[in-house]
Number of protein chains: 2
Amino acid sequence: MNETARGGRRRVTLYDVARLAGVSQPTASRVLNGSDRQVSSANRERVLRAARELAYVPNASAQAFVRGSSKMIAFVVGRIDGTYFSSMAAALMREARSAGYWVSIAVTDRQPERELRVVRELRAQRPRAIVFAGSGFIDPTGNEVLADELSGYERAGGKVLLISRTDLPFERISFDNRAGAEGLGQALAGLGYQRALVLGSETPLLGMLHRVEGFSDGFAPGTVEVRQTALSWEGGRDVVERMPPEQLSRFDLVVGVTDEMALGVMAALRVHGRRVPDDIAVAGFNDIRTLRDVSPPLTTVHVPLDLVAEAVVRRAIAGHEEGSGPPIPTHPVLRESTPPHH
Amino acid sequence: MNETARGGRRRVTLYDVARLAGVSQPTASRVLNGSDRQVSSANRERVLRAARELAYVPNASAQAFVRGSSKMIAFVVGRIDGTYFSSMAAALMREARSAGYWVSIAVTDRQPERELRVVRELRAQRPRAIVFAGSGFIDPTGNEVLADELSGYERAGGKVLLISRTDLPFERISFDNRAGAEGLGQALAGLGYQRALVLGSETPLLGMLHRVEGFSDGFAPGTVEVRQTALSWEGGRDVVERMPPEQLSRFDLVVGVTDEMALGVMAALRVHGRRVPDDIAVAGFNDIRTLRDVSPPLTTVHVPLDLVAEAVVRRAIAGHEEGSGPPIPTHPVLRESTPPHH
DNA sequence: ACCGATATGGCAAACGTTTTCCTGCCTTAG
DNA sequence: CTAAGGCAGGAAAACGTTTGCCATATCGGT
């Protein structure tokens with residue numbers, strides 16, 4: 001703060017444009033932003049010419065200020081450097097842009113207090129919507145404060161959206177985790193696999209639970225063994241590393257509830273001298289883009305991020321009530337990490 | 001536009017806080033933001049209490065409006081879903097946050113006209129700085145218009161920064177590409193490699209050129225063969241796929257000027273039935289995080305993104321002139337894709 | 001006591017845009 | 001020819017905050 005100094009000549013304002021065009025400020029405003037009021041083509045032309053001549057740049061701060069809401073959609077995320085969330089962010093930005101909005105990304109590092117602070121700061125910006133993505137926390141006390149803050153935001157006219165997060169009482173956009181996982185289970189059973197090890201999430205997240213259940217149902221009820229572990233590359237690796245070899249040999253297939261876990265599994269198997277898929281097959285969930293750099297290509301369940309982004313933007317812009325709508329469909333993608341078996 | 005409607009009660013403003021605290025608006029303002037003016041501790045206390053009681057959220061739009069500049073740093077990037085840029089963005093956001101700023105990411109899809117539009121829209125937001133990352137374009141006409149737009153922005157008090165981009169006449173933050181590549185070349189020569197194929201960038205980017213030159217110098221002047229190709233996974237793959245097997249056999253090492261190219265090379269080699277590193281070694285440049293999922297782990301040159309981010313934020317905030325400063329050092333990281341040879 | 005300096009508080013203006021309402025004009029139907 | 005209605009333009013208020021400036025109170029030194 002202090003001296004705002006930071007030199008520079010006076011900026012070109014709407015008033016300058018209007019004066020040069022020989023019209024009033026409101027008229028210039030109506031031409032240069034998408035107002036619903038009409039302006040005669042003669043005046044319109046003059047305003048546009050004047051704006052071009054003066055290289056007028058509208059002051060978005062002033063616009064947001066007077067309109068009481070910005071063209072911004074806030075995207076709150078645990079991390080941005082993972083492929084999954086950055087792909088989601090990319091899709092969201094694309095979609096938002098085509099609707100005249102823009103996306104601001106906020107990173108919480110998965111720390112509850114950071115999450116709260118981030119929301120407080122975001123509220124100050126009056127975004128059109130605040131969108132949360134990714135697994136939430138378990139500590140209920142922190143969530144209550146957060147929920148209060150978000151309720152305040154909604155009362156002030158904002159919209160809160162949750163993507164695959166279920167620990168807050170707001171409108172959700174969900175994937176059909178169960179159906180996708182079930183399809184994967186059926187497909188792999190059809191390929192001849194019989195003894196599957198499924199790696200679930202040790203933090204109790206509904207979506208991950210559905211993936212485990214769906215897979216079990218599709219594969220063959222009762223024939224899968226489930227281990228809970230961390231929802232990360234390391235989580236997948238650890239399960240394999242800590243498992244006695246003879247126990248591991250009982251399985252012909254390991255399924256991670258996320259691709260990252262499956263990649264960790266593959267890395268650990270490699271260390272243990274097991275070949276994928278000859279000795280044991282591996283599958284994941286999400287279909288993140290990085291997969292193309294792993295060998296063999298990983299079987300997984302595709303989540304159509306474009307559809308997710310589209311739903312987010314539509315609901316963010318829509319009038320208040322829309323309900324939580326149908327889940328986004330997902331579908332299995334079979335690749336070389338799970339060839340036909342037996 | 002149109003009706004702003006979107007229900008909601010009247011918002012709590014600074015005026016409400018001041019009234020409840022029994023002080024004037026300026027006093028409340030001086031307490032609640034970091035002004036340099038002093039406020040008596042009694043009044044300070046009352047204002048803070050009132051703000052808490054009313055759950056006051058400052059209106060960032062209004063602040064940005066009246067201050068004439070926001071706390072935002074704009075980060076303009078070709079794509080965000082690649083690991084390299086998303087890691088850079090993550091580091092930048094971390095650093096900016098600790099300085100009280102926040103980062104807005106804009107994606108251009110590497111299309112010149114999009115780049116121009118993005119800059120126009122960004123100018124409207126009056127960010128403190130606009131930071132470009134990544135390879136620029138070659139078409140000089142598009143660049144002239146862009147440079148004009150950016151000059152206008154700087155004249156209005158903003159700051160333009162370029163990260164590893166050299167096609168615009170603004171302050172740069174550069175890596176010491178040459179030294180890092182030279183170190184890699186020396187190290188690999190020391191491991192016993194003798195015939196290297198280097199994949200450079202077919203688009204003429206200074207940084208990439210330095211990497212090629214640096215590697216050549218370090219490895220052994222005159223003994224490397226260079227191919228130009230696209231700066232992407234596909235670019236790396238294509239070179240290997242299109243090369244006759246007997247020609248490929250002449251090399252004991254392939255070096256990509258980015259990690260993504262190296263990964264493409266590895267994928268193609270695998271398809272051709274060549275084992276890495278037994279038949280041929282591979283190395284890259286950048287040390288992106290995805291590398292841990294590839295096998296064997298890739299030798300590369302580490303670029304300290306934290307230092308980059310720190311430099312960006314420092315210069316973004318700093319008063320006007322700072323000059324382009326010394327390049328950020330990089331250093332080779334030897335991994336299993338390049339074991340000792342012979 | 002007096003003067004200057006320093007600390008603190010408040011008034012009022014300013015920032016650039018949108019929006020409400022009013023006015024005058026033009027069209028059209030009767 | 002007139003009344004009603006629509007259309008385009010403009011004056012002025014409003015948005016919430018910061019800041020320049022002035023007023024007052026306090027303090028320290030002579």
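# Notebook: a first look around the model

I began with chain A and its contacts: of those with a separation of 6 or more, 74% join residues 24 or more positions apart. A reminder to myself: this is a predicted model.

**Chain A as a whole.** I looked up the secondary structure next, and chain A comes to 13 helices and 11 strands. Then I checked its extent. The C-alpha trace spans about 85 × 40 × 40 Å along its principal axes. The radius of gyration of chain A is 26 Å, whereas a compact globule of 342 residues would have one near 20 Å. I also asked how much of the chain is buried, and 49% of the 342 residues count as such.

**A sheet in chain B.** I moved over to chain B and traced an open sheet of four strands, in the order E7-E6-E8-E9, with parallel pairing.

I then followed one pair in more detail. Strand E6 (residues 196–201) of chain B runs parallel to E7(B), and six bridges join the two. For a landmark to find on screen, I picked B:Gly200, which stands opposite B:Gln228 in E7(B).

**Helices on that sheet.** I found helix H9 (residues 206–219) of chain B lying across E6, E7 and strand E8 (253–256) of that chain, at about 165 degrees to E6(B). Helix H12 (residues 259–271) of chain B also packs on the sheet, where it touches E6, E8 and E9 of chain B. The direction of H12 makes about 140 degrees with that of E8(B).

**The nonpolar core.** I looked for the largest nonpolar core and found that it has 180 residues. Among those with the most contacts inside it are A:Phe75, A:Val131, B:Phe75 and B:Val131.

**Beside the DNA.** Last, I turned to DNA strand D, which 30 residues surround. The closest are A:Ser24, A:Gln38, B:Leu14, B:Pro26 and B:Ser29. Which helix gives the largest share of the surface near DNA strand D? I noted H4(B), with five residues. Helices H2 (25–32) and H4 (60–67) of chain A are among those that each supply at least two residues of this surface.

Technical notes: Residues are numbered from 1 along each chain as its sequence is written. Chains are lettered from A and ligands numbered from 1 in the order in which they are written. This is a predicted model: local features need pLDDT of at least 70, side-chain atom pairs count only at pLDDT 80 or more; totals for chains, interfaces and linings use all residues. Two strands pair if DSSP finds at least two bridges between them. Two residues are in contact if their C-beta atoms, placed from the backbone, lie within 7 Å. Axes are lines fitted to C-alpha atoms, for helices over the stretch in contact, and angles run from 0 to 180 degrees between N-to-C directions. A nonpolar core is a set of buried Ala, Val, Leu, Ile, Met, Phe, Trp, Tyr and Cys residues joined through C-beta atoms within 7 Å. A residue is buried if 20 or more other C-beta atoms lie within 10 Å of its own, exposed if 12 or fewer, and partly exposed in between; C-beta atoms are placed from the backbone. The radius of gyration is taken over C-alpha atoms; the globule rule is 2.2 Å times the number of residues to the power 0.38. A residue is near a molecule or strand if its C-beta atom, placed from the backbone, lies within 6 Å of it.
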